[in-house]
Amino acid sequence: MSCDNCKKNNCKLNIGRGCCFISDGEDTKVSVCAGGSKLNAYDWLEDYPNNKPDDIFEIQFKNTRKGYYRNVNDLPLRKGDIVAVESNPGYDVGIVSLSGDIVYKQMKKTGFNTANAEFKKIYRKAKPADIEKWQEAIALEHPTMIQSRQIAADLNLNMKIGDVEYQGGKLKAIFYYIADERVDFRELIKIFAERFRIRIEMRQIGARQEAGRIGGIGSCGRELCCASWISNFVSVTTNSARVQEISLNPQKLAGQCGKLKCCLIYELDTYIDARKEFPRIHAPLEAMDANYHLVKTDIFNRTMYFSSDPHSAVASIPVSIERVNEIIRMNRKGKKVDNLVDYSNTAKKEVEPDYRNAVGEDSITRFDSGKKPRKNRNRKNQSNGNNDNNRKGERPAPIQGTASKDNDPPKRQPAKKNNKYRNKKPKNTQQQ
């Protein structure tokens, strides 16, 4: 059963868990949405035999929270099964997201230490009673978050509660909060315990982790990286933008979390390696006509732009890396170059264009139909003239280049058209 049939089967979609709850009047079932969960990983080792113990499974809970559990009861589990797992206190309900050798690769990727780790147990597959209780706990999460925010505001605590997650057994709730400073929430926990009658766990997260839990669409038009595949966050600084010569515009560099975008470090290492070939400019280049200052650097074309005015890049001159190194060596010897660009060694070469123009590919009007010449007007005038001659009882004029006799008809006659005024008698007009 898929999400396409949700309307037919009276399903309730839960985006955080990546599943749908289906109620047929008696029992409540769960249908897992393929690819609907956050931090979803593709099992590319599914068709290969397992080389490691297959009793470790990755269990997904709300949003980006995942855990690794051991199948101690040898249950026939597969991806998408709803299971009840060990928790403190009671039990929790989650969805099997990965199994087999790919689980060990995920643990290595996330930094999970398998040597000294004690895996919790998978108790059983979730029963209808477990699923109903789990659904009741999920329904309490949003009202609990609204009330907890109001309580924190009444206590004047400098914190923001971003999300609340109930366990499947309704015995414990995790409150995810953001705070810039250390917060004393001992009084807050007492009020929460009295109000909600559950065990409270406060878990502090960062702005990037909050964006990953909430999710959204980035400026690139795709799902946020922190909600789709990033599990470990790396600090991003403005130096990453400077190395790549990106404009330091906070509105464009900041993501939905308010921090610098994580994608600023994707190609940072490539830019750093490419910049090692560029010389470091500590002083302007000296020439006979003026001193030239570095304006910008084009890493892709291995070109550096210089201008005589250090505060303007209007008349900047592109210079190759080899020529810049040569000028620096001559300036160190106390010599000035005649021209910034050495025109003596530059030979005229046919430069191939960056692209090849296929037949009409660059024309945006190639599909527009051209205006057709109006030929019907000439035919209409010709037919009208012939009709006028016929009215007067005159014969049509002979065609040029053909012989005509009194008794012989012309070889080509004009087309005859029915004229509604042909047999119509003129009205009697009174002459004054």
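I began with a definition: a salt bridge is a side-chain nitrogen of Lys or Arg within 4 Å of a carboxyl oxygen of Asp or Glu. I searched the whole structure and found 21 salt bridges.

I noted that the model is predicted: local features need pLDDT of at least 70, side-chain atom pairs count only at pLDDT 80 or more, and totals for chains, interfaces and linings use all residues. Residues are numbered from 1 along each chain as its sequence is written, and side-chain values use heavy atoms, with hydrogens and water left out.

**Entry: salt bridges**

I looked up arginine 65 and aspartate 92. Their side chains meet in a salt bridge, 3.1 Å from N to O. The pair links distant parts of the chain, 27 residues apart: arginine 65 sits in the loop between strand 4 (56–60) and strand 5, aspartate 92 in strand 7. I took helices (H or I, at least four residues) and strands (E, at least two) as DSSP runs, numbered from the N terminus.

Are these two buried or exposed? Arginine 65 is buried, at 18% relative accessible area. Aspartate 92 is buried too, at 4%.

Next I checked aspartate 81, which forms a salt bridge with lysine 125; the closest N and O atoms are 4.0 Å apart. This pair also links distant parts of the chain, 44 residues apart. Aspartate 81 is in the loop between strand 5 and strand 6, and lysine 125 is in strand 8 (residues 120–125). Aspartate 81 is buried at 14%. Lysine 125 is partly exposed at 38%.

Then I turned to arginine 213 and glutamate 165, whose side chains meet in a salt bridge of 3.7 Å, N to O. Arginine 213 lies in helix 5 (residues 207–214) and glutamate 165 in strand 9, so the pair ties together parts 48 residues apart in sequence. Arginine 213 is buried at 6%, and glutamate 165 is buried at 2%. Salt bridges that share partners join Arg17, Lys62, Arg65, Asp92, Glu141, Asp163, Glu165 and Arg213 into one network.

**Entry: arginine 70**

I found arginine 70 in strand 5 (residues 66–70). Its relative accessible area is 30%, so I logged arginine 70 as partly exposed. Which residues does arginine 70 touch, not counting those up to four places away in sequence? I listed Asp55, Ile56, Phe119, Lys120, Lys121 and Ile122, with contact meaning heavy atoms within 4.5 Å. Arginine 70 and tyrosine 123 are 53 residues apart in sequence, and 9.4 Å apart in space, C-alpha to C-alpha.

**Entry: backbone**

Most residues other than glycine have a negative phi, and most peptide bonds are trans. I looked for exceptions. A cis peptide bond joins asparagine 88 and proline 89, with omega about 0 degrees. Proline 89 is in the loop between strand 6 (82–86) and strand 7 (91–99).

Aspartate 74 is not a glycine, yet has a positive phi of about 50 degrees. I placed aspartate 74 in the loop between strand 5 and strand 6. Aspartate 74 counts as exposed, at 66% relative accessibility.

Asparagine 156 also has a positive phi, near 55 degrees. Asparagine 156 lies in the loop between helix 3 (141–154) and strand 9 (160–166). At 68% relative accessibility, asparagine 156 counts as exposed.

Definitions and conventions
Buried means under 20% relative accessible area, exposed over 50%, partly exposed in between (1.4 Å probe, protein chains only).
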